[in-house]
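Please look over the sequence and the three-dimensional structure shown here before reading the notes that follow.

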Amino acid sequence: MPVTYYRWQGHAKILLYNYQRNKRELKSWQDDIIYGYHFGTDFMPKPKAIGNPTQKKALEISSGRYAEMRREVQAVDNLLAYLTKSGQKDLLQYIDMAYFQRSNTEAGAAAKLGRSERTARRWNRLILKFLAVQMDWVDL
């Protein structure tokens, strides 16, 4: 039985706030590892230096941060897929406004959708709990 992580709410919010940046970084990292190139300042692929590419790629894939970032991005992807599949358009818009675009506070995003502050707190609790379960920080 896993030990409960007591700061899961704040960490789950960080996952949502950093989701788009982490997804771009993960894509760049995967391009670098899998295809053997990275993008320079002019966004054109640059060839990698000569070395032991197999060993380097194995080390990068097995690195802790790469695996953790994949888990984080996958958890948010699972949340978005679940909400899309279940037809929760208001909740998806809420997440987009409050976390991805950061254009509104959580209560402000709910108000723009015609919902109360209490509904925003309920949505927020459900979203964060879903992510915490996905990351194995808490049990159901």
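Predicted model: local features only at pLDDT ≥ 70, side-chain atom pairs only at ≥ 80, totals over all residues.

The side chain of Asn104 makes a polar contact with the side chain of Ser103, at 2.9 Å.

- Asn104 lies in the loop between helix 5 and helix 6, the latter covering residues 106–112.
- Asn104 has a relative accessible area of 17%, and because buried means under 20%, Asn104 counts as buried.
- Leaving aside residues up to four places away in sequence, Asn104 touches Met97, Ala98, Ala109 and Lys112.

**Helix 1 against helix 5**
- Helix 1 (residues 8–17) packs against helix 5 (residues 89–100) at an angle of about 95°, and their axes are 9 Å apart, which means that helix 1 is roughly perpendicular to helix 5.
- Lys13, Leu16 and Tyr17 of helix 1 make this contact together with Ile95, Ala98, Tyr99 and Phe100 of helix 5.
- Sorted by class, the contact of helix 1 with helix 5 has six nonpolar residues, one charged residue and no polar ones.

**Helix 1 against helix 4**
- The axes of helix 1 and helix 4 (residues 64–85) cross at roughly 85° and come within 10 Å, so helix 1 is roughly perpendicular to helix 4.
- On the helix 1 side, His11, Leu15 and Leu16 meet Glu72, Val76 and Leu79 of helix 4.
- The residues of the contact of helix 1 with helix 4 divide into four nonpolar, one polar and one charged.

Technical notes. Residues numbered from 1 in each chain as written. Heavy atoms only, no water. Axes fitted to C-alpha atoms, helices over the stretch in contact; angles between N-to-C directions. Helix = DSSP H or I, 4+ residues; strand = E, 2+ residues; numbered from the N terminus. Parallel < 35°, antiparallel > 145°, perpendicular 65-115°, else oblique. Contact = heavy atoms within 4.5 Å. Nonpolar A, V, L, I, M, F, W, Y, C, P; charged D, E, K, R; others polar. Buried < 20%, exposed > 50% of the residue type's maximum accessible area, 1.4 Å probe, protein only. Polar contact = N/O pair within 3.5 Å; in protein donor to acceptor, adjacent residues only side chain to side chain.
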